[in-house]
Amino acid sequence: AALADIVRCFWVMRAPPTALKDAAPAIPDGSPEVILSLGAPTRARMLGGRLVQQPRAMLVGQITRPFAVQASGDVRLVAARLHPFGGAWFTPRMDSLTDRWMALGGAFEVARDRATHARTVRARVAALGDALMAARRARPGPDARVVRAVARVVTTDGSVSMAELADEVAVTTRHLQRMFARDVGISPKLLARIRRVQRVFAAWHEEPRRWTQVALQCGYFDQAHLVRDVREIAGGAPAGLVESMALFTRQFTPLGDAKRRS
């Protein structure tokens, strides 16, 4: 409860090397992540196919396209999925981390050491939680107007116009875009599109049906509009994407077990 204003949920993953032997993509969901790697280091596949090793303790910024990761050994991760504005407690400019990450030192290195030697999931999460509390005390965090605007995007699953959003927080649309770039890392319009795509997966999970019905339920003009958004954000046409989605990828969408939703 003490971290509810910054953290959507904590998650942990433990798996053999085969789980991430091949690069598996994470799909944009509008949330930065703080991740501690307690096992083999992870590597991210960059544009062009090059694999780059990631830090053992890191903040991953907003991703705007499928982001593939790979591990060379046992996978042991403990992480916090943040609210869209949650990264503002770590850096003055979240747009500098869009489709990127940064290493976290200090309290997060201590947390990683504690979590590595902890015997229970609760203890590993507590170690990360303590580091997050320290980080939150060190910086002022996001603008309150950004927090309100994000809440509106989330509660409407992206079905709100940018003009309405700006009016609700009493700023111009241009100023709202500047605040989002600083505190969220992406524009309010892109955050709304990402939330809508996530809602598409949730609607299909809850009751598989024709894509035309899903499109209407999720606020799209038609099925073609839905397909275009899903292709651009999730990397493929909806039907084929759902059928072929890797298990790792599925767990970070509403298509995974309902208990994993946040």
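Contact here means heavy atoms within 4.5 Å. With that in hand, welcome to this structure, which is a predicted model. Two packed helices are described by the angle between their axes and the distance between the axes.

**Helix 1 with helix 2**

- Helix 1 covers residues 107-117 and helix 2 covers residues 121-138; their axes cross at roughly 170° and come within 8 Å.
- Angles over 145 degrees count as roughly antiparallel, and helix 1 and helix 2 are therefore roughly antiparallel to each other.
- On the helix 1 side, the residues that meet helix 2 are A107, F108, A111, R114 and A115.
- Their partners in helix 2 are R124, A126, A127, L128, D130, A131, L132, A134 and A135.
- Sorted by class, this contact of helix 1 with helix 2 holds eleven nonpolar and three charged residues, with no polar ones.

**Helix 3 with helix 6**

- Helix 3 (residues 144-155) packs with helix 6 (residues 188-206) at an angle of about 30°, and their axes are 9 Å apart.
- That angle makes helix 3 roughly parallel to helix 6.
- The crossing of these two helices, helix 3 and helix 6, is right-handed.
- Helix 3 brings V150, V153 and V154 to the contact, while helix 6 brings L191, A192 and R195.
- In the contact of helix 3 with helix 6, five residues are nonpolar, one is charged and none is polar.

**Helix 6 with helix 8**

- Helix 6 also packs with helix 8 (residues 223-234), here at an angle of about 105° with the axes 10 Å apart.
- That makes helix 6 roughly perpendicular to helix 8.
- From helix 6, the residues in this contact are R193, I194, R196, V197, V200 and F201.
- They meet H225, L226, D229, V230, E232, I233 and A234 in helix 8.
- The contact of helix 6 with helix 8 divides into eight nonpolar, four charged and one polar residues.

**The cavity**

- Searching the whole structure turns up one cavity of 30 Å³ or more.
- The volume of the largest cavity is about 330 Å³.
- The largest cavity is lined by 20 residues, and those closest to its centre are W11, A26, E33, I35 and V60.
- Strand 3 (33-37), strand 6 (57-60), strand 7 (67-71) and strand 8 (75-82) are the elements that each give two or more residues to this lining.
- By class, the lining of the largest cavity has 13 nonpolar, four polar and three charged residues.

How values were computed. Residues numbered from 1 in each chain as written. Predicted model: local features only at pLDDT ≥ 70, side-chain atom pairs only at ≥ 80, totals over all residues. Heavy atoms only, no water. Axes fitted to C-alpha atoms, helices over the stretch in contact; angles between N-to-C directions. Helix = DSSP H or I, 4+ residues; strand = E, 2+ residues; numbered from the N terminus. Parallel < 35°, antiparallel > 145°, perpendicular 65-115°, else oblique. Left-handed = near helix turned anticlockwise from the far one by under 90°. Nonpolar A, V, L, I, M, F, W, Y, C, P; charged D, E, K, R; others polar. 1 Å grid on protein atoms, 1.4 Å probe; cavity = no way out; pocket = protein on both sides within 12 Å on 5 of 7 lines; lining within 4 Å. Points joined across faces, edges and corners; volume = space filled by probe spheres on them.
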